[in-house]
Amino acid sequence: MTTRGQPPAVGMGFRASIERWTRENLNRFDALEITVDHCLAGSRSLRSAIFDLVGRIPLTAHGVGLSLGTDAPLDLAYLDQVADVVERLCAPAYSEHLAFTRVPGRETAALMPLPKTEAVAESIITKVRTVQSRVPFPFLLENITYVFEWPDSKMSDAEFLNLICRETGAGLLLDVENVYLNATNHGFDPHAFVDALRPGLVREVHMAGGVTIRDESLSKPLLAHSHSHPTPDAALDLLEYTLARQTPSVIILERDDRLEAGDEILDDIARIRARLAAAQSRKTHGEALVGAAG
């Protein structure tokens, strides 16, 4: 999206239901993120609308259908289709979730976390290399939010990501809201997570706003990534902290519900740009943001 030394582009994920609004406000965004699976399985009119954006605004490519963590071989025909879409979009990279969305014979209908063990990491490393051999573009992994942790996990989130990316050369699509949610729900320091990431690892960023679930069955309120509300200030604080340490090329706002709230979306874009400007100013003046751990 941007070249080295330039600030990240700021944009949002393209959503079919607000296509007209997006086009009317195209000048408010530096880039749009396209879900490659919409180009593969969407209607003819949706595919036409997406590819019509090529050349009008920079596009990046994000996937939801790979299910990298499923204990089964990857669908090579699917990867070949993805490669064609990424090329047609003129996207600089292809990203997918470090998760699984299905087990053999059944869809989970959700992004499920992986056990963070060396054996699972080795399996993912092999699969990432397969993706890289079929899709000739930089490959990025996205961290997910999770409700539970596998009891046999041996590594932290950052250790798991660092290991896989170091061995494969893959980059990280850092979902800052997911880090904030996981840190709040599971009680770890989000700044320590960011500090543990290898320099230069974060190539793209996702931002979003969710909801708080309160239920008698829960020991405490649970933050959920509904992508339906304004980005919380705490997540923006974490974004600013991250930008002092990493140099992503693009920051994408995700919104999947309450899409009619266009003013909220544009306000979030402005708030992200303000945090980006603050981080750039701190770098210029040699200041550093201090995390919660000091």
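Colleague: What makes the nonpolar surface patch of about 190 Å²?

Modeller: Val-211, Ile-213 and Leu-218 make that patch. A patch takes residues with over 30% relative accessible area and no salt bridge, joining nonpolar side chains (Val, Leu, Ile, Met, Phe, Trp, Tyr) within 5 Å and like charges within 9 Å. A salt bridge is a Lys or Arg side-chain nitrogen within 4 Å of an Asp or Glu carboxyl oxygen. Areas follow Shrake-Rupley with a 1.4 Å probe, with only the protein chains shown as cover. The model is predicted: local features need pLDDT of at least 70 and side-chain atom pairs 80 or more, while totals for chains, interfaces and linings use all residues. Numbering runs from 1 along each chain as its sequence is written, and side-chain values use heavy atoms, leaving out hydrogens and water.

Colleague: How do you know whether S8 is covered on one face or both?

Modeller: Gly-171, Leu-173 and Asp-175 are buried on one side of S8, and Leu-172 and Leu-174 are buried on the other, so both faces are covered by the under 20% limit. The count for S8 is 5 of 5 residues buried.

Colleague: What makes S7 and S8 a pair?

Modeller: S7 and S8 share 3 bridges in the parallel sense. A pair needs at least two bridges found by DSSP, so S7 and S8 qualify. In one of these bridges, Leu-141 has Leu-172 of S8 as its partner. Strand S4 (residues 94-97) and strand S7 (residues 139-142) are joined by 4 bridges and run parallel. There, His-97 has Glu-142 of S7 as its bridge partner.

Colleague: In what order do the strands close into a barrel?

Modeller: The barrel has 8 strands in the order S1-S2-S3-S4-S7-S8-S9-S12, with parallel pairing. From one strand to the next, the twist averages 30°. Strands are DSSP runs (E, at least two residues) and helices are runs of H or I (at least four), both numbered from the N terminus.

Colleague: Which strands does helix H7 lie across?

Modeller: Helix H7 (residues 176-186) lies across S7, S8 (171-175) and S9 (202-207), at about 60° to S8. Helix H10 (residues 262-284) lies across S1 (9-13), S9 and S12 (250-253), at about 150° to S1. Such angles run from 0 to 180 degrees between N-to-C directions of lines fitted to C-alpha atoms, for helices over the stretch in contact.

Colleague: What is the phi of His-227?

Modeller: His-227 has a positive phi of about 55° and is not a glycine. His-227 is in the loop between strand S11 (222-224) and helix H9 (233-243), and its 9% relative accessible area makes it buried. Arg-258, likewise not a glycine, has a positive phi near 55°. Arg-258 lies in the loop between S12 and H10; with 25% relative accessibility, Arg-258 counts as partly exposed.

Methods: Contact means heavy atoms within 4.5 Å. Buried means under 20% relative accessible area, exposed over 50%, partly exposed in between (1.4 Å probe, protein chains only).
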